[in-house]
Amino acid sequence: MEKAVPEAEELPKAIVRRVVKDKLSDCSPDYDINVHKDALLAFTESARIFIHYLSATANDICKESRRQTINAEDVFKALEEIEFSEFVKPLRASLAEFRRKNAGKKGGATKEKEVKKKRKVEEPSGKSGSKSKQNKGEDDNEEEREEGEEEAEEDENNGNE
């Protein structure tokens, strides 16, 4: 059987199941509610479609502002436009809390990177004053790795918004 949705667009079923079960347990703490496989698929597809709809609306708002990067305000406006304005206030609070928690992390990573760069500049480099191609390549690889780690950390943090 061929999948209707490309694999890259599928949401992780384990996460969807956990979100649904957590919400159901909040609503009915006296019952242990199970989620049937078909219901899980329906929740997963509904969430995927909602994300597509919300992102398309936010993208339209972004383009109207003559920008290429969707920001949080675009998402808030999109939620209001698609008549989900009751989510804006809790989402704003959640985003503010996320930013408050992560404000120190980003600053710390930037300071650490500056210290490493400063050390590299201060280090004596070989006889002729320039690094060998091999050492330079290693330094470039280290910088790329560090940048990749920072981007992965930012992506991970953004996924928690």
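## A polar contact at T57

In this predicted model, a polar atom of the T57 side chain lies 2.9 Å from the backbone oxygen of Y53. T57 is found in helix α2, where helices are DSSP runs (H or I, at least four residues) numbered from the N terminus.

T57 is buried, with a relative accessible area of 8%, buried meaning under 20% relative accessible area with a 1.4 Å probe and protein chains only. Leaving out residues up to four places away in sequence, T57 touches A78, E81 and I82, contact being heavy atoms within 4.5 Å.

## The nonpolar core

The largest nonpolar core has 10 residues, among them A78, I82 and F76; such a core is a set of buried Ala, Val, Leu, Ile, Met, Phe, Trp, Tyr and Cys residues joined through side-chain atoms within 4.5 Å. The elements that give two or more residues to this core are α2 (37–64), α3 (72–81) and α4 (88–122).

In soluble globular proteins, nonpolar side chains tend to be buried together.

## The whole protein

The secondary structure comes to 5 helices and 0 strands, strands being DSSP runs of E with at least two residues. Of the 161 residues in the protein, 16% are buried.

Residues are numbered from 1 along each chain as its sequence is written, and side-chain values use heavy atoms, with hydrogens and water left out. Because this is a predicted model, local features need pLDDT of at least 70 and side-chain atom pairs count only at pLDDT 80 or more, while totals for chains, interfaces and linings use all residues.

Notes:
Buried means under 20% relative accessible area, exposed over 50%, partly exposed in between (1.4 Å probe, protein chains only). A polar contact is a pair of N or O atoms within 3.5 Å; within protein, one must be able to donate a hydrogen and the other to accept it, and residues adjacent in sequence count only if both atoms are side-chain atoms.
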